[in-house]
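Visitor: I am new to this structure and would like a close look at a single part of it. Please take me through one metal site slowly.

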Amino acid sequence: MQKLLLHPKPYDDETLTGYLLRLSLKNICNPKYIFSRLNYFSGKRINNYFIDIAELDPHDLLIISELTNNNLERILDLIIKQNSMSNQSCLFNEKVIPLFAVCTRKAKVCPICLSENEYHRKIWCLVTVTACPHHKVMLIDSCEVCYERLSWAKGNIFRCSCGHMHKKTKGVGAVKECLKISEIMFRKLGILESNSDNHFNEPFSCVDINCLICILTLLLRQLYKVRDSRSFAGINFSLREYADLQSQVLEIIESWPKGYHSFLDNIRSNQKYYDTEGNKAQIYRDFGEFYVSIFSDKNNTYEILKLEFIEYIKKHIDEYSSASLFRILNKNEITFLGLVDAAKYLSIGTDKLTRLIENNVIIGFVPKEKNMKYTYVYKTSIDSYINNIRENEYLSYNEAQDYLGIMLGLDDMVNHKLLVFHFEDHDYSKTRFISKVEIDNLMFMINGKVVIKEDYEIEKIPFAKVIDSGRALKGPNDYI
Ligand SMILES: [Zn+2]
Ligand SMILES: [Zn+2]
C-alpha cells in the first residue's frame, strides 16, 4: 500500500470522515483512493463517504491507522461507537444517543468555526444541532453562492463544486430557539461548560440527552407529519425548514404544559376521521401514531409526554368512551375507578355512588345512553369525599357507632334527644348520618363521668340505664 506523504493530526472533536477527507485534500489525492481500500466499501460504488457510525472491521481500522499514521486507539477515539446495549443507539462522547440523531448523508458546518480552523466537528453531525453556540450563527447546509447542498456523498465538505469555500460564508445570526437547543446539546455532551443559565424549564431540565433528542424529534415529526424520524438525518429537509420546526417545538416546551395541550388539540382537529356525529371519540383514532409512539415505548423515553397526555385526556374525559380508556389512564397510577370498584372502595352501594356522581358530589362520568357501559370516577375525588365525610361533618350510622367508642346504643341516644339523625342532602337518599361535632360535644360532656366496666358482657348498654339511674353524672368512680 502506498503511503501518504502528509499526516495532519486529527482533532479530538473531529469526525473520522471529515478527517480522512481533509487528509486526502492535503495530499492532493482523490478521497476514493483512501476509502476504496476499506472492506466496508468493497464491491460497492462509494455514494456516501460517511463512516463515523459504520461498523468498521479490524482490517479497516488497521488500514486507516496505517494510512494516517495514527495508532489504533486514536482512530477508535474519533468514531461514534456502537452501543452494545441497543442497536438503535450509539455512544457520542460516552453519552447514549439515538442512531437516528446522527446525520449520515447531510453535512452541516459553522462557517466561522471553519474559518478559524478548517476541520469538521463531530457535534455538527447531530440532527438537533442547528446553530453554533461559539459564534451564535446558524450552521449552513448549502453553498452560499450556488445553493448546492453540503453532503457526505461528495468528496469535499469544505469547498463547493462551484469553487466557493464554505469558510468564506459570512454566517447568519442564529435563531434564538435553535441556539438554545444547540447550546443545551453541546453542554449535555460535555462540549460546552455547564455554567450557562440557558436551560430547559421543568419538567425537561434534568432529562438525559437521549430522551431529549427523542422527545424533540417526536414532537417535530408530529408537527410536520414526517413519519420516519430518520429522514431528518438524510437530505429531505433543509436546515432552514428544520430550524423553523425546531423553534415551534421549543415553544411547546417553554409553554409547558399549555403549549403541549394546544399541540394535542391540533393533532385532534387535524384527524381526517374526526367524528362530527356526536359519537364518542377514541383515543387511538384521535392521536394515532403519536399516541402509539409515546405509549409503546418500553424505556420510558417519552414519560413526560405520556404523563401530560394523561392529564390532557382527563380534561377531556367526557368526550371519550372506550374500554381502553381505563387501561391508558391507569397505566402509571390508579386515576380512575369503574363503578363497582369505586363503590367497593367507598363501602357504599352502586346506586348511592351513581346519585353522588349525578349530583356532582363525586366527580365521574355516568353514561346517559344505555349502550355505554362505563361509569368511571376520579379516584382523587373519592378520596376527598371520604376525607370530607370522615373528618368534616357527618358519619354514617355504623361509623358513628364505631366513633362513639363506648358501648351505648346510637338509637337510644337519639331517642333521648342527645343526638340527632341528619338526612344529609348530599347523599340523596334516606340514609341516616350523625354529626361528628355533636358526638364530640356529647363525649366531652360525659367524659370521665361514664365508665364502662371492662368485664361487662352486654354489647350495647341501653342509654336509659345510664341516664335514668342518674349515676352517670355522679363521678368518675361511680358507674353502671
Ligand atoms: Zn462556530
Ligand atoms: Zn456552490
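Predicted model: local features only at pLDDT ≥ 70, side-chain atom pairs only at ≥ 80, totals over all residues.

Guide: Along the chain, the residues that hold the zinc ion (ligand 1) follow the spacing C-x2-C-x18-C-x2-H. Residues are numbered from 1 along each chain as its sequence is written, chains are lettered from A and ligands numbered from 1 in the order in which they are written, and side-chain values use heavy atoms, with hydrogens and water left out.

The protein donors (N, O and S atoms within 2.8 Å of the metal, or 3.2 Å for Na, K and Ca; water is not among the atoms, so sites may look incomplete) are C110 (SG), C113 (SG), C132 (SG) and H135 (ND1), which lie 2.0 to 2.3 Å from the zinc ion (ligand 1). The angles among these four donor atoms run from 104 to 117°, and the site is tetrahedral, a term used for four donors if all angles lie between 85 and 135 degrees. Both C110 and C132 are buried, meaning under 20% relative accessible area (1.4 Å probe, protein chains only).

Elsewhere, S182 in helix α6 (residues 176–188) is buried, because its relative accessible area is 0%. Contacts of S182, meaning heavy atoms within 4.5 Å, include A131 and P133.

Notes: Tetrahedral: all angles 85-135°; square planar, octahedral: opposite > 155°, others 65-115°. Buried < 20%, exposed > 50% of the residue type's maximum accessible area, 1.4 Å probe, protein only. Helix = DSSP H or I, 4+ residues; strand = E, 2+ residues; numbered from the N terminus. Lists of a residue's contacts leave out its neighbours within four places in sequence.
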